[in-house]
Amino acid sequence: MSTSITSSPTSSSTTSTTSSTTSSSTSSTTSSTTSSSTSSTTSSSTSSTTSSTTTTSTSQISSTVTDSSTLVTSSLIKVRSFGTITRAGDPIVGIYNTSAGMSTGCKNGSFSSSTEMPPGAIDNLTSTKYLNFGSTGGFNIEAPAPGVDTGFYVTPTVSDNSIATALLFATANDSPNRDPITVTLEGSNSNALDTGSSWTLIYNGSTGIDPTTAPARQQYVTQQNFSNAIAYKSYRLLVTSQRGSDWAVQYSEAQIIDTTTSITNSTETISTTIESAITSSSTTTTTSSITSSTTTTTSTSTTSSTTSSSTSSTTSSSTSSTTSTTTSSTTTSSTTSTTTTSTSQISSTVTDSSALVTSSLIKVRSFGTITRAGDPIVGIYNTSAGMSTGCINGSFSSSTEMPPEAIDNLTSTKYLNFGSTGGFGIEAPAPGVDTGFYVTPTISDNSIATALLFATANDSPNRDPITVTLEGSNSNALDIGSSWTLIYSGSTGIDPTIDPGRQQYVTQQNFSNAIAYKSYRLLITSQRGSDWAVQYSEAQIIGYY
């Protein structure tokens, strides 16, 4: 985006410059000094003031050009990372007999099973859970929706000013009637977390768990996103309804997530060209001063030159030439000022008749799952990183366990590839090596992958993929090896020695990458053991888009 603005001279710039020059030269006004003074004043009077404002989704740049200075101010957005705000080990307190806006009724105690305590709600494990008896008081005392007004408050350690914009629940191991259906989420910046007035309502709505059809057990449900721009230090989550009658409410995960925009490396440039209306007799290469989160001021050099001029003006006619030279030096000095902050670099260079302000602004990106159900995806085999595709799809994938199941966000489905074995019943060591898929995400054509998240399939641990490669491409020739660039080579997060359980998400694998790609290719490089296939229920690519 380039904006060109033509300015006209204004009296304000002339006044400010003239007043500075006159005040220093008035003290001794000799005949020849007057010539110098006049020359200086003329240069000032030909100055111009230009105002240009460029607004983007990330920042506002205001550029004002005067005779002796250029001020560029950039109000940049704070850099934030996206992800789960709540983490295993965060200080968390179970509560009951409490509703939004109210003070805490009761905390912890016998209303939580000793083996199913609040920390189980944020430990990133669907194999654990948080159970609260709520209004029933204990086992075998059944009541309608006993979990209403139960929950927890937590103070995340990852940040003391996080911005919650989503909730992600996972069901517990049994008893669908104990599923929480709706909740409230509140935020607080106070230390008095048992006081109702400390809390501000952020969200009131669904957990993402279907109220009529019970989802599978120990399953993540649809993430619930909501609008919020206020940062909080602590959060309070309270159940407002559950599926049915039971003696408790329970859930394996209730993660609080920040989905606010994250700032990535400079991928968007905004140039603003400001052309000054300058008279033909004047030279207006002006000094540049930039203000951002740090300030570089170069106006001191201009003041110094003006002082020199006024000192010279007290001398005789022989000084007239010196005065003229000094004034010329003042008006023709060119300064390039660069200020760097943690989020951007702004360079401003002011030339003879125009000011070019180039800001390498940081593009606003969302963070999350790049791959989504429905994205164009192709299963491949006999293929390794850097090589062209050996074979695609065909009989090497079961017709009911195709590549799309690897990115459908359902652990109840899976992608199975026979790889080198060729079909059922033909067992071989690690048949899944050199199998995988390539995918072109529809959410963005220049996403930046920074993580992989795998989930195991429903059976046969020997089919688990243990290590993988991930490549990126900006080409349309996705079967050509040279189109791909290696991004990651490493673990899937699945333990090679211990079965993590079936249909379970494993530890997300994060890696460094700052390059945006249009398509991705994932290939298995090792699996747990001998079998006739490799399989996984999810292989999600995560990052910025």
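Me: At 0% relative accessibility, does A166 count as buried or exposed?
Reply: The model is predicted, and A166 lies in strand 11, which covers residues 166–170. The cut-off for a buried residue is under 20% relative accessible area. The relative accessibility of A166 is 0%, so A166 counts as buried.

Me: What distance separates the C-alpha atoms of A166 and G83?
Reply: A166 and G83 are 83 residues apart along the chain. In the model, the separation of their C-alpha atoms is 9.8 Å.

Me: Which residue in strand 14 is the bridge partner of L167?
Reply: Strand 11 and strand 14 run antiparallel and are joined by 2 bridges. The partner of L167 in strand 14 is Q224.

Me: Which strands stand at the edges of the sheet, each with a single partner strand?
Reply: Here 4 strands form an open sheet in the order 27-38-32-35, with antiparallel pairing. One side of each edge strand is left without a neighbour in the sheet, because each has a single partner strand; the two are strand 27 (367–369) and strand 35 (509–510).

Me: In strand 38, which residue is the bridge partner of I448?
Reply: Strand 32 (residues 448–455) and strand 38 (residues 538–544) run antiparallel, with 7 bridges joining them. Within strand 38, the residue that partners I448 is Y544.

Me: How many residues apart in sequence are the parts that the pair of Y220 and Y505 ties together?
Reply: The whole structure contains 14 aromatic pairs. One of them is formed by Y220 and Y505, an edge-to-face pair with 5.6 Å centre to centre and 75° between the planes. Y220 lies in the loop between strand 13 (200–206) and strand 14 (224–225), and Y505 in the loop between strand 34 (485–491) and strand 35, so the pair ties together parts whose separation in sequence is 285 residues.

Me: Are Y220 and Y505 buried or exposed?
Reply: A residue is buried under 20% relative accessible area and exposed over 50%. By these cut-offs, both Y220 and Y505 are buried.

Me: Which arrangement do the rings of Y415 and Y536 have, with their planes at 85°?
Reply: Planes over 60 degrees apart count as edge-to-face. The ring centres of Y415 and Y536 are 5.5 Å apart and their planes stand at 85°, so the pair is edge-to-face.

Me: How many residues apart in sequence are the parts that Y415 and Y536 tie together?
Reply: Y415 is buried, with a relative accessible area of 1%. Y536 also counts as buried, at 1% relative accessibility. Y415 lies in strand 30 (residues 415–417) and Y536 in strand 37 (residues 534–536), so the separation of the parts in sequence is 121 residues.

Me: Which residue forms a salt bridge with K129?
Reply: Side chains of opposite charge can pair when their charged atoms come close. The closest N and O atoms are 3.3 Å apart, and the partner of K129 is D174.

Me: How many residues apart in sequence are the parts that R236 and E186 tie together?
Reply: R236 and E186 form a salt bridge with the closest N and O atoms 2.7 Å apart. R236 lies in strand 15 (residues 234–242) and E186 in strand 12, so the separation of these parts in sequence is 50 residues.

Me: Which residues do salt bridges that share partners join into one network with D464?
Reply: R502 forms a salt bridge with D499, the closest N and O atoms being 2.7 Å apart. R502 is buried, with a relative accessible area of 19%, whereas D499 is partly exposed at 37%. Salt bridges with shared partners join D464 into one network with D499, R502 and R528.

Me: What is the mean pLDDT of the protein chain?
Reply: Over residues 1–78 the pLDDT stays under 50, and over residues 261–362 the pLDDT is below 50. Where pLDDT is low, the predicted coordinates should not be read in detail. In the chain, 64% of residues reach 70 or more, and the mean pLDDT is 72.

Terms used:
Residues are numbered from 1 along each chain as its sequence is written. This is a predicted model: local features need pLDDT of at least 70, side-chain atom pairs count only at pLDDT 80 or more; totals for chains, interfaces and linings use all residues. Side-chain values use heavy atoms; hydrogens and water are left out. Two strands pair if DSSP finds at least two bridges between them. Rings of Phe, Tyr and Trp (its six-membered ring) pair if their centres lie within 6.5 Å; planes under 30 degrees apart count as stacked, over 60 as edge-to-face and the rest as tilted. Buried means under 20% relative accessible area, exposed over 50%, partly exposed in between (1.4 Å probe, protein chains only). pLDDT is the predictor's confidence in each residue, from 0 to 100. Contact means heavy atoms within 4.5 Å. A salt bridge is a side-chain nitrogen of Lys or Arg within 4 Å of a carboxyl oxygen of Asp or Glu.
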